[in-house]
Amino acid sequence: MNKTTQKQKKVNLALQGGGSHGAFTWGVLDALLEDGRFDFEGISATSAGSMNAVVMAAGFLEGREDGAREYLKKFWKKVSEAGAVFCPAQSQLPENPFSHFIPKWMTIENPALQVMNALAQNISPYQFNPMNLNPLRDILDDMVDFKALQKTKHFKLFITATNVRTGGARIFTTPEITRDMVLASTALPNLFQAVEIDGESYWDGGYVGNPSLWPLFYDVEGHDLLIVHVNAIVRNDIPKEAMNIEDRVNEITFNSAMLKEMRAIAFVQKLMQNDMLKPEYRKKYRDVLMHAIRAEDVMKDIDMATKLDTSWPFLNKLCEAGRKTAKKWVSENFDKVGKVSSIDLEADYLNIAAVKKDI
């Protein structure tokens with residue numbers, strides 16, 4: 001049976017944030033949409049994941065899978081063009097997307113990225129960007145019809161942002177979602193001013209949920225949850241340089257909320273599997289099938305500073321890596337979707353000692 005004629009399998013997506021590294025997720029989504037055998041119901045997303053989510057949904061409303069793929073490519077192209085305007089030095093980077101080696105411009109040696117990182121680390125965005133310029137605002141206005149998105153029945157969107165005052169998570173859902181809610185989810189505090197919504201100020205959602213998983217347990221029908229990672233969970237090299245130490249601290253910080261949710265998920269699954277829940281409590285919980293597309297192999301040689309690199313060769317390289325990783329995952333795990341989990345939460349995530357050293 002041809003892929004396109006098979007009944008689609010319902011899958012809920014959890015999309016991590018990670019600046020321009022979100023182009024890896026673009027590639028993953030492009031491959032899954034091209035495959036055509038998946039029906040995406042719920043999408044929980046944070047930061048760059050939120051951008052991918054709303055752009056994909058907007059494109060789907062225009063032209064289903066092909067429309068979604070076209071919109072994602074157009075979005076990242078616009079991001080690259082905007083980056084060339086805001087940081088002209090990036091437009092001078094060599095056009096070498098087919099290199100089999102990590103090029104010099106993908107490292108912290110890139111002077112443009114050095115300047116951007118220095119600004120981010122030492123000057124408040126209220127100082128270096130008092131006009132609160134954000135090219136993503138114009139890109140979203142141009143590409144996404146939020147009024148149409150609010151009415152869609154195709155997707156249930158869950159966009160996470162961090163409440164600056166309380167430090168808690170705010171989940172914005174499809175019927176209310178606006179451009180500013182998506183911008184709030186992406187507002188890294190050292191790069192962008194906080195976004196005000198209904199009298200509250202919000203920063204990037206990665207601090208409290210990268211992404212938030214619980215909406216994909218209680219607010220959707222499907223039982224399969226696919227996490228698309230951008231941030232590496234395991235790195236075997238111990239950082240010793242100041243920038244590398246900061247990079248690893250940021251990775252750990254942006255993974256911590258998700259790992260806490262995974263511990264809770266694993267605990268509930270164990271209770272259910274061992275029939276340790278009283279009948280009245282079993283009704284409150286669901287046995288969700290867990291899947292993951294991880295990025296360690298791709299990100300292990302890429303500096304976190306390149307999360308600010310929007311050069312088109314770099315974004316394309318990450319996209320192709322995402323496509324390759326997703327196709328491999330589909331080949332190995334498609335038959336498991338709807339039947340069993342393809343990951344072991346404890347072995348693959350929670351018991352760090354059990355993770356292989358060659359990741």
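This is a predicted model: local features need pLDDT of at least 70, side-chain atom pairs count only at pLDDT 80 or more; totals for chains, interfaces and linings use all residues.
Is Arg-64 buried, partly exposed or exposed? With a relative accessible area of 42%, Arg-64 is partly exposed, because that value falls between the 20% and 50% limits.

Ser-47, in the loop between β2 (38-46) and α2, also has a positive phi, near 55°, and is likewise not a glycine. Ser-47 has 8% relative accessibility, so this residue counts as buried.

## The nonpolar cores

In soluble globular proteins, nonpolar side chains tend to be buried together. Here the largest nonpolar core has 73 residues. Those with the most contacts inside this core are Leu-13, Phe-38, Phe-40, Val-54, Met-56, Phe-75 and Val-144. Which element gives the core its largest share? Helix α2 (residues 48-86) does, with 15 residues.

Beyond its neighbours within four places in sequence, Val-144 is in contact with Val-54, Val-55, Ala-58 and Leu-149. There is also a second, separate core, made of 22 residues. Among them are Ile-171, Leu-213, Phe-217 and Ile-265.

## Where α1 meets α12

Two packed helices are described by the angle between their axes and the distance between the axes. For helix α1 (residues 22-35) and helix α12 (residues 312-333), the axes come within 6 Å and cross at roughly 45°. The two helices are therefore oblique to each other, and α1 passes α12 in a right-handed crossing.

On the α1 side, the residues making the contact include Phe-24, Trp-26 and Leu-32; on the α12 side, they include Trp-312, Leu-315 and Arg-323. Sorted by class, this contact has 13 nonpolar, four polar and five charged residues.

Ser-20 is found in the loop between β1 (9-15) and α1. Its relative accessible area is 3%, so Ser-20 is buried. How far apart are Ser-20 and Leu-315 in sequence and in space? They are 295 residues apart in sequence and 7.1 Å apart in space, C-alpha to C-alpha.

Leaving aside neighbours within four places in sequence, the contacts of Ser-20 include Trp-76, Thr-306, Asp-309, Phe-314, Leu-315 and Leu-318.

## A cis peptide bond

One more feature to find is Pro-211, in the loop between β6 (200-204) and α8 (215-218). The peptide bond from Asn-210 to Pro-211 is cis, with omega near -5°.

Terms used: Residues are numbered from 1 along each chain as its sequence is written. Side-chain values use heavy atoms; hydrogens and water are left out. A nonpolar core is a set of buried Ala, Val, Leu, Ile, Met, Phe, Trp, Tyr and Cys residues joined through side-chain atoms within 4.5 Å. Buried means under 20% relative accessible area, exposed over 50%, partly exposed in between (1.4 Å probe, protein chains only). Helices (H or I, at least four residues) and strands (E, at least two) are DSSP runs, numbered from the N terminus. Contact means heavy atoms within 4.5 Å. Axes are lines fitted to C-alpha atoms, for helices over the stretch in contact, and angles run from 0 to 180 degrees between N-to-C directions. Angles under 35 degrees count as roughly parallel, over 145 as roughly antiparallel, 65 to 115 as roughly perpendicular and the rest as oblique. A crossing is left-handed if the near helix is turned anticlockwise from the far one by less than a right angle, and right-handed if clockwise. Ala, Val, Leu, Ile, Met, Phe, Trp, Tyr, Cys and Pro count as nonpolar, Asp, Glu, Lys and Arg as charged, and the others, Gly among them, as polar.
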